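Good morning, colleagues. Please look at the model on the screen while I go through a few of its features.

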Amino acid sequence: MLSSLDIENIAVIEKAEISFSDGLNVLTGETGAGKSILVDAINAVLGERTSKELVRHGADNAYVTAVFENVNTIVYNKLDELGIDVEDGEELIISRKISAQGKSACRINGKPSTVSMLKELGETLVNIHGQHDSQKLLNPDYHYAFLDMTGDEDDYLERYKNEFNRLVTIRRQLKKLTADADTVDRRLELLEYEIKELEEADIKTGEREALQKRRSLLQNAQTVIGVMKNVTGAISGDDDNMGVSSVLLSLQKDVSAITAVDSESKKLYDTLDALVDKCEVLKDLAAERLEAVDYSEGELEKLEERLDLLYRLSTKYGESEEEMLAYLENAKLEKNSIENSDEEIERLNAEYDEAYNLTLKYADELSEYRKTLAKQLESDVKEQLIYLDMPKINFIVDFQKGKLSSIGYDKIEFLISTNPGEPPKPLAKIASGGELSRIMLAIKNIIAQNDNIDTLIFDEIDTGVSGRASRKIGLKLKAVSEHTQVICVTHSAQIASVADTHLLISKEYKNERTYTGVQPLDFDGRKAELARIMGGLEITDTLLKSAEELLNGEQ
């Protein structure tokens with residue numbers, strides 16, 4: 001469950017530290033005090049899209065940190081999937097920093113994370129139900145999803161989706177192969193040209209790098225040859241000059257003559273002997289380089305032509321030799337596929353028929369399963385609505401058969417009849433705001449019983465409802481909170497009166513700035529707040545007494 005929320009520089013909230021309990025938590029306050037901003041902050045830390053407008057004016061960054069305790073196995077599995085280590089029983093801490101430039105920095109238990117990781121994890125931690133959910137209830141395109149969430153069998157939809165995706169893939173392959181003849185002929189002609197061009201080029205892996213090295217050497221060949229000739233000439237000498245080797249040999253001979261009378265000269269002799277050997281080695285190295293640099297006339301020109309060909313091919317078929325060779329292989333495969341397209345089309349048609357029949361079979365099974373869910377949903381919603389003071393409303397899940405799509409062929413729409421004898425009609429046409437809120441609460445309550453989410457947040461779901469119905473909604477939320485933590489933003493005193501924890505959102509003005517604060521209320525504080533909600537600015541003894549009766553469950 002969500003145990004605490006720390007907010008800093010979010011809209012009008014400069015700083016707030018909020019503690020939540022298990023059970024039912026309600027947040028109340030005057031309009032504009034910042035109740036919805038708390039929900040925005042929770043959305044932000046759960047990875048929902050946000051903007052720099054959320055950052056308090058004048059602040060560089062906004063911060064939100066949420067702490068969760070006693071998370072369930074599904075959360076642990078998601079953490080493991082995301083590579084986040086959390087020990088059993090350890091707190092889960094999620095934080096997000098939003099800069100005034102709109103950038104985000106996220107952490108999960110101190111480990112840097114992405115917004116998408118927060119979103120994936122957030123979907124296992126919290127469900128937020130607000131007025132926008134009621135808008136979804138008005139849109140039949142979402143009704144299948146509400147119905148599916150009431151069940152605990154995912155196999156029907158998953159199996160259908162897998163087969164439907166296979167069907168779509170086969171259909172695309174067939175469409176590609178059965179394009180008009182002119183297009184196929186042009187494609188085949190292009191493939192033949194490309195294959196011929198690449199095969200004639202006879203590309204070798206690593207060839208371009210070797211050619212570039214050889215070109216660099218040849219471009220500087222004259223300089224290298226001149227230097228090597230100078231080295232060999234200096235060592236060997238010529239008709240006019242003695243080479244270094246000859247000079248050293250002559251000196252060695254002279255020193256040899258005196259070693260008999262001067263034994264210390266032996267060291268000098270040995271050194272000269274070593275120099276003579278090194279000169280020979282040096283001469284051999286220079287000769288080897290001369291031989292390596294030697295090239296035939298026109299070699300550089302041919303080399304440039306080859307490099308130019310490889311460059312032109314690389315702009316068409318891939319930057320490296322490996323990519324060009326891979327392109328060649330793929331072109332051959334595609335050419336072969338086109339040339340054998342009749343056999344391939346026949347094979348794919350057989351596959352398509354098999355996939356279509358299976359898809360239709362799984363769509364039938366999915367539809368039958370949904371109809372079973374629909375009967376139960378109709379019964380459950382009816383029961384919930386009776387409790388919520390809507391006994392005359394008849395709730396119907398209507399099925400029409402449409403085209404196969406990614407969700408099956410069912411066109412599902414929720415219909416209601418508000419009075420006995422009247423034909424059922426779409427929610428959007430006859431449901432009032434208050435009725436819609438109660439229908440949504442009924443559906444959410446049913447879904448919650450099959451849900452593994454530990455925290456439910458209801459954002460002003462009581463809109464358009466008052467009096468006795470509000471009290472029933474509060475008691476229903478209280479019942480839900482017995483097995484799931486519930487956080488509810490409300491304007492209803494009847495709902496707030498049954499809370500386990502009551503938090504007051506208030507704002508004040510200092511130095512021409514707006515500040516919002518959050519504080520838990522004791523019994524007297526709750527009584528005063530309920531009186532304010534019921535009576536507005538003037539709190540009378542009568543209102544206080546009524547508030548106390550609400551808190552004591554006497555109304």
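This is a predicted model: local features need pLDDT of at least 70, side-chain atom pairs count only at pLDDT 80 or more; totals for chains, interfaces and linings use all residues.

Residues are numbered from 1 along each chain as its sequence is written, and side-chain values use heavy atoms, with hydrogens and water left out.

Six strands form an open sheet in the order 2-1-4-5-6-7, with antiparallel pairing; two strands pair if DSSP finds at least two bridges between them. Strand 2 (13-19) and strand 7 (111-113) stand at the edges with a single partner strand each, so one side of each lacks a neighbour in the sheet. From one strand to the next, the twist averages 15°. Helices (H or I, at least four residues) and strands (E, at least two) are DSSP runs, numbered from the N terminus. Strand 6 and strand 7 pair over three bridges, and I108 stands opposite K111 in strand 7. Helix 3 packs on the sheet, touching strand 4, strand 5, strand 6 and strand 7; contact here means heavy atoms within 4.5 Å. The direction of helix 3 makes about 135° with that of strand 5, where axes are lines fitted to C-alpha atoms, for helices over the stretch in contact, and angles run from 0 to 180 degrees between N-to-C directions.

I turn now to helix 2. Which residues of helix 2 are buried? They are V75, Y76, K78, L79 and L82; buried means under 20% relative accessible area, exposed over 50%, and partly exposed in between (1.4 Å probe, protein chains only). These residues cover an arc of only 160° around the axis, which puts them on the same side of helix 2; the arc is that of the directions from the helix axis to the C-beta atoms. The face turned away carries the exposed residues T73, D80 and E81. Among the elements covering the buried residues is helix 3 (115-125). Just after helix 2, G83 takes a positive phi of about 80°.

Finally, the salt bridges, each a side-chain nitrogen of Lys or Arg within 4 Å of a carboxyl oxygen of Asp or Glu. The count comes to 27. In one of them, E48 and K119 have their closest N and O atoms 3.0 Å apart. E48 lies in the loop between helix 1 and strand 4 and K119 in helix 3, 71 residues apart.
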